[in-house]
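Subject: Structure for you to look at

Dear colleague,

Here is the structure I said I would pass on.

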Amino acid sequence: QPTPEEIINGFEGVLGPVRSYRPSHPKGLCAAGHFTATPEGSRLSVAPVFSGQRVNTIIRFGVAGANPQADDRARSTRGLGIRFETAAGDVLDMANISAPIFGAPNPTVFLENLRVRAPDPATGRPNAERIAAFVAANPAVTRQGAWLGATLPPASWATTPYWGVNAFRFQGQDGQVRHARWVFEPRAGVQRLTAEQMQSLPRDFLADEIRARIAQGPVEFDMVLQFPGPGDDVTNPTVAWPDDRPRAVVGRLTVTSVAAGPGGPCDPISFMTLDQEPGISFSDDPTLHARAAPYAVSLSRRTN
Ligand code: HEM
């Protein structure tokens, strides 16, 4: 298993030093709102955020990649980071993406996929042959890109689903433990850019769009759990479960305001999901277990 430092060094090998902004989704906007679990959510999880009381949230909408000036029209993922803070002080962080699958099946392949893209010392450029050989040997790293290539980008941060991708274990009020993945589904409906809009819209349209939208009223998402069926792998985030699996609407996220400029209260936050035994505990997905510690290393490097 790679160490957290090795993973962040892997990012730095490709991007250069991580000193001021996030190595992933550096472009983004901070927002705020609240979350309220449905009665079904309270039944399915004993975690404090699912009590059914209104929980305050700090939210970060992001654009994937490593470029703080990323193009909002690109076929990359959009991000939804959420910090839930209950009145009693319980905190839950999560970082979700606008694709149902991740780009690596486990942390070792994730790190190798970074390392192979670092500039070759001999030429100063990434070695295309080595990358091609790595991808051929690890086809799972192509799945997310294939999904994004076949899907038009979101027309708004408010009109795409955001998947949590990794599976978790939810312990319900009945004491039963159930594996599930979650998705935040836009109450405004799913709307994607047209091919024409991908050319005509300004490359930084997302922030203006969400500001104008929220000035008219809150932006809402339903948090939905999806449960695995027989044979569904709970440990591999590069494979989505079939759409016909049972689902439950467990809460409503309401976004009520957006920060005036970039940064704001989200800058010192890293949306790292911790194991919240017993209500929302980790599955055996190794990628999930490899997330929080590198997020902490990244936060420390970019804020110190
Ligand atoms: C081995 C697995 C992973 C590693 C090593 C990793 C690493 C990182 C790091 C280092 C950051 C920057 C943290 C910071 O400086 O605050 C980050 C941000 C992010 N990651 Fe991951 N990640 C992994 C898996 C995932 C998965 C599966 C998802 C999707 C569900 C995801 C979604 C995001 C998002 C949306 C952000 C930006 C959040 C924000 O706006 O602050 N990551 N990741």
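Predicted model: local features only at pLDDT ≥ 70, side-chain atom pairs only at ≥ 80, totals over all residues.

Overall fold

The chain is built from nine helices and 10 strands. Its radius of gyration is 19 Å, close to the 19 Å that the globule rule gives for 304 residues, so the chain is as compact as a globular protein of that length. The C-alpha trace spans about 60 × 45 × 40 Å along its principal axes. Of the 304 residues, 38% count as buried. Among contacts with a separation of 6 or more, 75% are between residues 24 or more positions apart.

Ligand shell

There are 30 residues around the ligand, and those that come nearest are His25, Gly79, Ala95, Ser270 and Ser298. Two or more shell residues are given by each of strand S2 (55-63), strand S3 (78-85), strand S4 (91-97), helix H3 (107-115) and helix H9 (292-303). The largest share, five residues, is that of H9. Sorted by class, the shell holds 14 nonpolar, 12 polar and four charged residues.

His25 deserves a separate look. This residue sits in the loop between H1 and strand S1 (27-37). His25 has a positive phi of about 60° although it is not a glycine. His25 also has 25 other C-beta atoms within 10 Å; the cut-off is 20 or more, so His25 is buried.

Helix H3

Which residues of H3 are buried? They are Pro107, Phe110, Leu111 and Leu114. Down the axis of H3, its buried residues fall within an arc of 90°, so they line one face of the helix. As a general point, an α-helix has 3.6 residues a turn, so residues three or four places apart point the same way. The cover over the buried residues of H3 includes helix H1 (4-15) and helix H8 (286-289).

Strand S6 and its partners

In strand S6 (residues 168-171) the side chains alternate. S6 runs antiparallel to strand S7 (residues 177-186), and four bridges join them. S6 also pairs with strand S10 (residues 280-282), again in the antiparallel sense, over three bridges. Phe170 can be followed into both partners: Phe170 stands opposite Arg178 in S7, and its bridge partner in S10 is Ile280. The hairpin of S6 and S7 has five residues between the strands, and there Gly175 takes a positive phi near 85°.

Other backbone details

Most residues other than glycine have a negative phi, and most peptide bonds are trans. Val165, in the loop between strand S5 (162-163) and S6, has a positive phi of about 70° although it is not a glycine. Val165 counts as buried, with 24 C-beta neighbours inside 10 Å. The peptide bond from Glu277 to Pro278 is cis, with omega near 0°. Pro278 belongs to the loop between strand S9 (247-258) and S10.

Regards

Definitions and conventions. Residues numbered from 1 in each chain as written. Near = placed C-beta within 6 Å. Nonpolar A, V, L, I, M, F, W, Y, C, P; charged D, E, K, R; others polar. Buried ≥ 20, exposed ≤ 12 C-beta atoms within 10 Å, placed from the backbone. Pairing = 2+ DSSP bridges. Rg over C-alpha atoms; globule rule 2.2 N^0.38 Å. Contact = placed C-beta atoms within 7 Å. Arc of directions from axis to C-beta.
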